[in-house]
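Visitor: I am new to this structure and would like a close look at one part of it. Please take the charged side chains and their pairings, and then the places around them.

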Amino acid sequence: MRVRDVQHPMLPQATEEELSRQRAVVSLRKLLNARVRSQNVRRFHEEGAAAFAERNSRQPQSPDDIQAALFESMGYRMWSAANRSAQEMIWMSVGEPIFRDRDRMQAAARALAEAPDRKGSLHLDPDYDPSPEIAGTDVHLQPGGYGRDDGPDDIVAGAFYETGGNVFSFGQGAGKGDSKAGVIFRLLDEEFPDFVPGRILDLGCSAGAASCAYADRYPEAEVHALDIGAGMLRYAHARAEALGVAVHFHQMDAADLRFPEASFDLIVSHNMLHEIGAEKRRRAMAEALRVVRPGGLVIFQDVDTRFAPTEVHRVEKNWDTAFNGEIFWQVYNEADLVADMRAAGFAETGLREHNVSAVSNINRWYVISGRKPVDGTPTA
Amino acid sequence: MTSRIDAIAAVIQSGRGTRAYSLDNREAEQVLSIALALLVELAASNDRIDRLEREIATLKGQSLDALREAPLDADAQKERQEALEAMQLRVLRILMDPRDGG
């Protein structure tokens, strides 16, 4: 099942003019990435480091020094300003058709969610206050953020995430055939060929694209998915129903799972680790280990910025922290995730980090996986 | 169905937090942002023009010069005015951004 550029009734019916704007933003971001951002490390070495040394009478050494040195370069500052503006225009280009077509989209979602032949389910928790450390920020500048909920039928957060995510990803070079879930399917085929999960849990599912891909890939499995925002989850549920797959969506915190111990065979997350702080990440890992069955797998997939070849590359990748609402981006980049998994109780045996290629482009992804011992005994 | 203008205004007003600036001069960065938004608008307009030129050339066989010189009637002028105001909101969005005191 494709996860990007999928057609369903909750997508805004964008006009050709609106689609032209989205294509223009994709093209602008491609240009900025390929021809402008790609020069940032050179700018550091040729301009920034020397200017920093002259201003401070020492060479840039710490991450903060490197960041300051990058900003000594006019080319870097101009790229940063243009990239911020392009990121804002992603949301302008998809937001106009969403708000223009909102009533129809909400009605379509409601009809699918209430259809007698619906396959999945939606479980919202009115007592749950979406995690402030995530909901309080417009992550990647998405207006209203992941926790946005404008009312009983609201689906705006999900519509923003899917449509803006497409514009963002295509601007990063991802193709329509790209699939983060597909990366995990390939990993399972290569390293766990006999593993067939009966119950799957997708942590931080956002608009549910990967959740649907798991339900499609494993039609006999019971697939559950969770995220923090009601608007996101209403959209995800209706989207899954439109695509004809059964997914059970829950408004829940990954760090506080309301599932019994040993109740899932496969627990996954896609791009969740870089959206949460260190403490929540550690609790989410421990919770995943608690609810996965002995012999089951826990797999966290995320962005590849941890593989930066030098400290300058790593700091350059931290741009999103200050300028793109990705407040935990640097925390994620610099975390010892193996140590966190070990502290959560995962045994060293079966704990692995992977640097994997994307399904359909030159991008790469970070994956860390752990398997619960068959005897169920966590090993500290 | 919400109007384009209301839709654009709703997106602008949805932004939260404080805007981070990269240039020493905020005014200069806002002008850069406006220029980039105009780049997107120009791309969209070019697409429309290209589409029209191809359609009309195929369907009517008129010269492009004759089509371009045809005056707009009152309804068309009203439609273009709404489109102009919507475009201005998109391009000048940063001046109204609540994250920047707009």
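Guide: What follows goes through the salt bridges, then a charged patch, the cysteines and some loop residues. The model is predicted.

How many salt bridges are there over all chains? A search of the whole structure finds 36. One of them joins A:Arg102 to A:Asp154, with 3.2 Å between the closest N and O atoms. This pair links distant parts of the chain, the two residues being 52 apart. A:Arg102 belongs to helix α5, residues 102-113 of chain A, while A:Asp154 sits in the loop between α6 and α7. Both A:Arg102 and A:Asp154 are buried.

Another salt bridge is formed by A:Asp253 and A:Lys280, whose closest N and O atoms are 2.7 Å apart. Here too distant parts of the chain are linked, across 27 residues. A:Asp253 is in the loop between β4 (247-251) and β5, and A:Lys280 is in helix α11 of chain A. A:Asp253 counts as buried because its relative accessibility is 13%, under the 20% limit. A:Lys280 is buried as well, at 6% relative accessibility.

Helix α11 of chain A also holds a pair within itself: A:Glu279 and A:Arg282 both lie there, 3 residues apart, about one turn of the helix. Their side chains meet in a salt bridge of 2.8 Å, N to O. A:Arg282 is partly exposed, with a relative accessible area of 34%. Elsewhere, salt bridges that share partners join A:Glu17, A:Arg21, A:Glu96, B:Glu41, B:Arg48 and B:Arg90 into one network.

B:Asp73, B:Asp75, B:Glu79, B:Glu82 and B:Glu85 form a negative surface patch. One of these, B:Glu82, lies in helix α4, residues 74-91 of chain B. B:Glu82 has a relative accessible area of 34% and is therefore partly exposed.

Next come the cysteines. The search of the whole structure finds 0 disulfides over all chains. A:Cys212 is accordingly in no disulfide. A:Cys205 counts as buried, at 4% relative accessibility, and A:Cys212 is buried with a relative accessible area of 0%.

Some loop residues of chain A remain. Most residues other than glycine have a negative phi. A:Leu141 is not a glycine, yet has a positive phi of about 65°. A:Leu141 is found in the loop between α6 (132-135) and α7 (156-171), and counts as buried at 6% relative accessibility. A:Asn271 also has a positive phi, near 55°. The loop that holds A:Asn271 runs between β5 (264-270) and α11 (278-291) of chain A. At 15% relative accessibility, A:Asn271 counts as buried.

Is A:Asp194 buried or exposed? A:Asp194 has 73% relative accessibility, so this residue counts as exposed. A:Asp194 is in the loop between α8 (180-191) and β2 (199-203) of chain A. The C-alpha atom of A:Asp194 is separated by 31 Å from that of A:Arg118, and the two residues are 76 apart along the chain.

How values were computed:
Residues numbered from 1 in each chain as written. Chains lettered and ligands numbered in written order. Predicted model: local features only at pLDDT ≥ 70, side-chain atom pairs only at ≥ 80, totals over all residues. Heavy atoms only, no water. Patch = residues over 30% accessible without salt bridge, like charges linked within 9 Å, V, L, I, M, F, W, Y side chains within 5 Å. Areas by Shrake-Rupley, 256 points an atom, 1.4 Å probe, with all protein chains shown as cover. Salt bridge = Lys/Arg side-chain N within 4 Å of Asp/Glu carboxyl O. Lys, Arg positive; Asp, Glu negative; His and termini not counted. Charge placed at Lys NZ, Arg CZ, Asp CG, Glu CD. Helix = DSSP H or I, 4+ residues; strand = E, 2+ residues; numbered from the N terminus. Buried < 20%, exposed > 50% of the residue type's maximum accessible area, 1.4 Å probe, protein only. Disulfide = S-S within 2.5 Å.
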